[in-house]
Amino acid sequence: MSNSTPTPAAPFEPDPQHWLTPERLALLQQQLGSGATLLRQAGLWRAALGYWVRWQASLEAEWPADEEQACLEDLTQQWQAKHTLKVAGFSAAELQAKLRVGPAVARWSRQQWGHRLESLYLQRKSQLDRASCRLLRLKDKNLAVELYHRIKAAETSFEQAAREFGEGPERLQGGFLPLQPLERMPFGLAPLLQRLEPGRLSMPLRLDPGFCLVQLEQFQSSQLDGATEELLLAEQLRLWIDAVVDRLVAGLSSPDE
């Protein structure tokens, strides 16, 4: 079993090359100052560039002033319930700017790729289906076959067998893997779960370095609802930011290189 979910191709709009205007690059160089070397040495170079791209994109979001203000007030209250400005080292204005990035860039993403949501969904539908299951991993094939027949004959439950004989951490939950998109299912279980019916037990299967039994608990076909739209747009944003950061990493060479 393999876990080789295809990754969607990075979008070409807005074109990273055109989006990275000379003015933006000059601003980035100015804001980085002498900190670029430190960020590289700390292993934070790509993360810092990625955040900068998110922040710059968020500034382009079309957001009615009253909705923006209400959102930021709510986010500020939530943040202040857990943190203080003094400890975090933020001014009030810096905190507002930081809290704005997430919701603003989400709006920007919808403005860029909202018209493609239906086609994106159809491309990814099978990976966005959700399932929960029980997994029993074993090294001994003979034991796997024996437990398969015992569970089929109702001599023991899958949960009990997983707790007693399972060799993965999921045994602590009776082998249960919670409801999640198929693309996030471990061990390449997605194709198998698409073929099983709820409650049905698989034959013993090879799962390196041993064997496994799988029982489908629940299967939910995906729908193009609000949560799915947010997931698809977040994925497009991630792919686009990666493409922009790739150009920045290639163009902003270290002084030592």
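Predicted model: local features only at pLDDT ≥ 70, side-chain atom pairs only at ≥ 80, totals over all residues.
Residues are numbered from 1 along each chain as its sequence is written, and side-chain values use heavy atoms, without hydrogens and water. Local features need pLDDT of at least 70 and side-chain atom pairs count only at pLDDT 80 or more, while totals for chains, interfaces and linings use all residues.

Start with the rings. The structure holds 5 aromatic pairs. Rings of Phe, Tyr and Trp (its six-membered ring) pair if their centres lie within 6.5 Å; planes under 30 degrees apart are stacked, over 60 edge-to-face, and the rest tilted. W19 and W240 form an edge-to-face pair, 5.0 Å centre to centre, with 85 degrees between the planes. W19 sits in helix α1 (residues 16-19) and W240 in helix α12 (residues 226-251), 221 residues apart. Helices are DSSP runs (H or I, at least four residues), numbered from the N terminus. Both W19 and W240 are buried, meaning under 20% relative accessible area with a 1.4 Å probe and protein chains only.

W240 has another partner. The ring centres of W108 and W240 are 4.9 Å apart and the planes stand at 50 degrees, so this pair is tilted. W108 lies in helix α7 (residues 92-113) and W240 in helix α12, so the pair ties together parts 132 residues apart in sequence. W19, W108, W113 and W240 form one aromatic cluster.

W19 also meets a charge. The charged end of R24 sits over the ring of W19, 4.0 Å from its centre. That term requires NZ of Lys or CZ of Arg within 6 Å of the ring centre and within 35 degrees of the ring normal.

Now the core. In soluble globular proteins, nonpolar side chains tend to be buried together. Here the largest nonpolar core has 29 residues, and W19, V53, W108, W240 and L248 have the most contacts inside it. Such a core joins buried Ala, Val, Leu, Ile, Met, Phe, Trp, Tyr and Cys residues through side-chain atoms within 4.5 Å. Helix α12 gives the most to this core, with 8 residues.

A pocket is an open set of points on a 1 Å grid over the protein atoms alone, where a 1.4 Å probe fits, with protein on both sides within 12 Å along at least five of seven lines; lining residues have an atom within 4 Å of a point. The lining of the largest pocket has 14 residues, with Q31, A48, Y51, W52 and W55 nearest its centre. Helix α4 gives the most to this lining, with 5 residues.

Definitions and conventions
Helix = DSSP H or I, 4+ residues; strand = E, 2+ residues; numbered from the N terminus. Buried < 20%, exposed > 50% of the residue type's maximum accessible area, 1.4 Å probe, protein only.
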